[in-house]
Amino acid sequence: MNNEFAELIGIIIGDGFLDGCQKHYRIGIVGNPKNELPYYEYIKKIIKNVWNKDVKIYHRARGLRVVVSSKPAFLELINKYKIPKGDGKSQKVTIPKCILCNWNLAKHTIRGITDTDGSIFTANKPGSPNYPSIEITTSSKKLAQQLKFVLLSRGFRVAKIWADKRKNSATPAYRVPLNGHKNLELWMKE
């Protein structure tokens with residue numbers, strides 16, 4: 001495990017899938033074709049460094065895709081790191097314990113999760129124009145709780161996790177908000 005692998009696990013937690021059927025072992029990542037191509041070039045480099053695999057970025061079903069076919073990498077993710085495969089991954093996924101207990105790795109995994117399922121925005125609040133907020137959204141309640149726990153342990157001020165129903169989905173989205181200038185400064189430092 002190194003920083004790049006920890007970040008790749010975060011990317012897979014956020015926008016990835018594991019598909020293992022009929023002797024095919026696929027690890028995929030899906031993103032927005034309108035604005036994420038440079039990020040997918042970055043993901044290609046991480047995959048090359050971590051698994052020594054050359055992958056292609058392609059456009060399919062209204063999304064950018066990167067797919068790695070590797071039985072050893074697939075089995076390592078599901079057996080050692082407990083990343084769920086198949087449907088329902090987004091509701092069950094968590095940060096592996098070996099990463100969660102090591103801030104130097106956890107911050108890279110959180111980066112991968114945030115790059116795929118996070119947002120940074122500002123709001124004009126009374127007395128505080130351009131008030132910054134970082135928000136990580138997940139369908140996994142346990143992942144949201146893990147994120148809150150590890151960020152609190154590192155000095156972040158994490159607001160209450162809140163759930164909301166998404167359009168066209170029966171699954172709630174759990175939002176982990178980090179609001180304010182001090183959180184943003186600490187985020188950029190870490």
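Me: Two strands count as paired if DSSP finds at least two bridges between them; in what order do the strands of the open sheet containing E5 stand?

Reply: This is a predicted model, in which local features need pLDDT of at least 70 and side-chain atom pairs count only at pLDDT 80 or more, while totals for chains, interfaces and linings use all residues. Residues are numbered from 1 along each chain as its sequence is written, and side-chain values rest on heavy atoms, with hydrogens and water left out. Helices (H or I, at least four residues) and strands (E, at least two) are DSSP runs, numbered from the N terminus. The sheet in question has 4 strands with antiparallel pairing, and their order is E5-E6-E8-E7.

Me: What does the twist of this sheet average from one strand to the next?

Reply: Strand E5 (118-125) and strand E7 (162-165) stand at the edges with a single partner strand each, so one side of each is left without a neighbour in the sheet. Angles run from 0 to 180 degrees between N-to-C directions, with axes fitted as lines to C-alpha atoms, for helices over the stretch in contact. From one strand to the next, the twist averages 35°.

Me: Which residue of E8 stands opposite Glu135?

Reply: Strand E6 (residues 128-138) and strand E8 (residues 172-179) run antiparallel and are joined by 6 bridges. The residue of E8 that faces Glu135 is Pro177.

Me: What angle does helix H6 make with E6?

Reply: Helix H6 (residues 103-117) packs on the sheet and touches E5 and E6, contact meaning heavy atoms within 4.5 Å. Helix H7 (residues 141-153), for its part, lies across E6 and E8 and runs at about 10° to E8. The direction of H6 makes with that of E6 an angle of about 105°.

Me: Is Thr109 buried or exposed?

Reply: Thr109 lies in helix H6, and, leaving aside residues up to four places away in sequence, Thr109 touches Ala6, Glu7, Gly10, Ile13, Ile95 and Ile99. Buried means under 20% relative accessible area, exposed over 50%, and partly exposed in between (1.4 Å probe, protein chains only). Because its relative accessibility is 0%, Thr109 counts as buried.

Me: Within what arc do the buried residues of H3 fall, seen down its axis?

Reply: The buried residues of helix H3 (residues 71-80) are Ala73, Phe74, Leu77 and Ile78. Taking the directions from the helix axis to the C-beta atoms, these buried residues line one face of H3, because they fall within an arc of 120°.

Me: Which exposed residues does the opposite face of H3 carry, turned away from its buried side?

Reply: What covers the buried residues of H3 includes helix H1 (3-15), strand E1 (16-21), strand E2 (24-31) and helix H2 (37-51). The face turned away from that buried side carries the exposed residues Pro72 and Lys80.

Terms used. Two strands pair if DSSP finds at least two bridges between them.
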